[in-house]
Amino acid sequence: MNDINSFLSRLNSTINFSTILPEIILIVGLITIVITDLVNKGKNAIFLYKIFLISTLVSMGILFYQLISVIAFEDLYTNNIFNNLFRFFILICSFISVLLSVDYVLCSKISLAEFPLFKISAGLGGMILSCATNLITIYVSLEFLALSSCFLSGYTKRDIRSNEASMKFLLMSGASSSSLLYGFSLLYGFSDGQVQLDNIIDKISFSQYLPIICISAAFILAGTAFKLSLFPFHQWTPDVYEGSPTRVVAFFSVTSKVAALSLFTRLFRLIFPYLSNEWHIVVELLAISSMILGNLIAVTQRSFKRMLAYSSISQIGYVMIGILAADLENGYASMLTYTFIYIFMNLGTFARITPFSLRTGTNNIRDYAGLYMKDPVLTFSLVLCLLSLGGIPPLSGFFGKHYLFWHGWKAGLYISVTVALVTSVISIYYYLKIIKLMLTKTTNLVDTLKTYEKQKSLVSSVISTKLKSSVEMAMILCALASTLSGLFMDPIIKITRNTFF
Amino acid sequence: MNLSELIHEFILALIEPGILVGSIGTVSFINTANSAFSLGLVFTCISLLYFALNADFIAAAQLLVYVGAINVLIVFAVMIIDQSVSSDSEKHGIGYFTALGACSILFLTIVCIFHKLNDFYSSSIHQSEYLKLNLFEQNDVQNIGYQLLNKFLVPFELASLLLLVALVGAINPARDEDEGKDIAENKKKSFVSSTSPRDKSSFF
């Protein structure tokens, strides 16, 4: 007993549990889901989703409270505004994507208890990744996120596309995290055995070991650029996005990108500040090629999910400009603002594709023709989200891009901003193509839409009205956020301003 | 050479041929089960090497993880596949000689580096500093346990959660589903609409 008491008191003195309280609540939610499913023997799966929603909401509430009071926490991770904002973003992503997937309960023949389990674990991995300043914590949480996303993408095991997607994701994420680990091992070795990021930069003598640090930076760049799907490491993105179930794509298209952004920024800002000229050039090159490639290939796509995959590659290219343009007075404000808006735009678009593909069973862009007549609510909200992604003025995507490009121009990244502007115009083309297809009345309706009404009545008799409205609630939330956030741009920028570290 | 160095050399002389024989056996046995077992011999000898280098925690971890889990898994997989002994003649093509050349160059590089390091580290200054570190009286396992529960608590607990999720995720695609396990209404609906859009809707 004495040992346990002294251990607990020592534990309390070294770790302040209130700082990781949001993650602890998510873990409690995870365990509750597992136990509830065991007890209920597979019935009443909606209750599991309610547990997930409640735990996410409580986590968000506690995180809000902590955002006000910044607590410094020595060893494992620090709680500055940057980290807390990213944790908040990931909680928002989890919350909205769970709203999207509640109707999965009644419409599929696959067992459903593991779905919220994997989503909570991926959200947990992302949250811990956002605040880790320790090489080991970074690696374990990155693997946690990658593994949970891989299981999610292979969830519908009877479909061969899903199997292919999860196989590709697993293999490529394994390869990229091994290169990341090699970069970490070089840093660990040359800093005389330090694992904390701050201690590494103290102990490494940059002048003496410069080639080794460049090699290490290259490997770390390769490892993190995979998760971000920057240019040469983007090959997994279209296949995995097309193969996985749509709700899963919605979830990990925002969550893993947001978590990887925070990792990338923290690693390159803390460890390689003396190399900033070198890695700035490389990242600028990667960003330019991602933007060009993503937008050009998205023009030719025929499947909606694949097109969204390529467009998300180009969106990350824009966000990279925000990372490069960080300076003392503004911090990472442009990147954080654009990430916030991007979450809502992307989740909103996926929130509209999901019920459409549920009702008609197809993902081709051609089959969206004339949707305006069948379902005006879906059409209108999809139009709003697509225009916001393209960056048309009254919507918030425009304000996000405008602030990003202005910030980039001020920081001297003339080539990147020019390329970004040109490729934004190209992206407007393929978004408008879909909108035009939806809004024009075609004389001969496509076959899929003829059966649209029939399927809708069949499916809605299965889904209770309460569940159907959760997807619509997510749609309305995202539509509002992607429209009105532009008006509230100033307070958002003010919050994200002092995030330079 | 005094007695302790003699014993050390003797033990090393026992372990190293074991590693060599095991690794040559792994790549050149035609029967896959034989090569799996000789891989087990290699792992065991490496663990004995760790004991001889006074790293007791790593030696125990090597025995438990590599021999006890990974090698058992490999033997299990080999036995399940139940391949008949393939007896095609081994033609040494161009790839064989390229790989042979590349591996021997790498091996010579490593040997040269080790010789240089040996000369560097056996100078007297380094010997005295090394002896000052007093590594022989520390308790490895106690140190590791202390650090795991104090400094690295978050990754430690996260790794345990990761094991849980990995276990669930590995069983999830592999297990057998019975179709009528869901809610009773679903069974009736599946009779009503078993057309292809319905099947697609379970994917989307």
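**Salt bridges, helix packing and backbone features**

In this predicted model, the side chains of A:K168 and A:D239 meet in a salt bridge, with 3.0 Å from N to O; a salt bridge is a side-chain nitrogen of Lys or Arg within 4 Å of a carboxyl oxygen of Asp or Glu. A:K168 belongs to helix α8 (residues 160-190) of chain A and A:D239 to helix α11 (residues 236-243) of chain A, so the pair ties together parts that are 71 residues apart in sequence. Helices (H or I, at least four residues) and strands (E, at least two) are DSSP runs, numbered from the N terminus. A:K168 counts as partly exposed because its relative accessibility is 28%, and A:D239 is likewise partly exposed, at 24%. Here buried denotes under 20% relative accessible area, exposed over 50%, and partly exposed the range in between (1.4 Å probe, protein chains only).

A:D239 also meets the side chain of A:R306 in a salt bridge, at 3.4 Å from N to O. Since A:R306 lies in helix α14 (residues 304-324) of chain A and A:D239 in helix α11 of chain A, this pair ties together parts that are 67 residues apart in sequence. Through shared partners, salt bridges join A:E164, A:K168, A:D239, A:E242 and A:R306 into one network.

Over all chains, the structure holds seven salt bridges. One of them is formed by A:E23 with A:R87, whose closest N and O atoms are 2.8 Å apart. A:E23 is located in helix α2 (residues 21-40) of chain A and A:R87 in helix α4 (residues 81-100) of chain A, so parts that are 64 residues apart in sequence are tied together by the pair. Both A:E23 and A:R87 are buried.

Residues are numbered from 1 along each chain as its sequence is written, and chains are lettered from A and ligands numbered from 1 in the order in which they are written. Local features need pLDDT of at least 70, side-chain atom pairs count only at pLDDT 80 or more, and totals for chains, interfaces and linings use all residues, while side-chain values use heavy atoms, with hydrogens and water left out.

Helix α6 (residues 114-131) of chain A packs with helix α12 (residues 246-270) of chain A at an angle of about 15°, their axes being 8 Å apart. Axes are lines fitted to C-alpha atoms, for helices over the stretch in contact, and angles run from 0 to 180 degrees between N-to-C directions. The angle makes α6(A) roughly parallel to α12(A), a term for angles under 35 degrees. Contact (heavy atoms within 4.5 Å) involves residues of α6(A), including A:F115, A:A122 and A:L129, and residues of α12(A), among them A:V248, A:F251 and A:L263.

Two residues other than glycine have positive phi values, A:S229 near 50° and B:N54 about 70°. A:S229 is placed in the loop between α10 (210-228) and α11 of chain A, and its relative accessibility of 0% is why A:S229 counts as buried. B:N54 is found in the loop between α2 (32-52) and α3 (56-81) of chain B; with a relative accessible area of 43%, B:N54 is partly exposed.

Chain B contains nine helices and zero strands. Of its 204 residues, 19% count as buried. Among chain B contacts between residues at least 6 apart in sequence, 51% join residues at least 24 apart.

Technical notes
Parallel < 35°, antiparallel > 145°, perpendicular 65-115°, else oblique.
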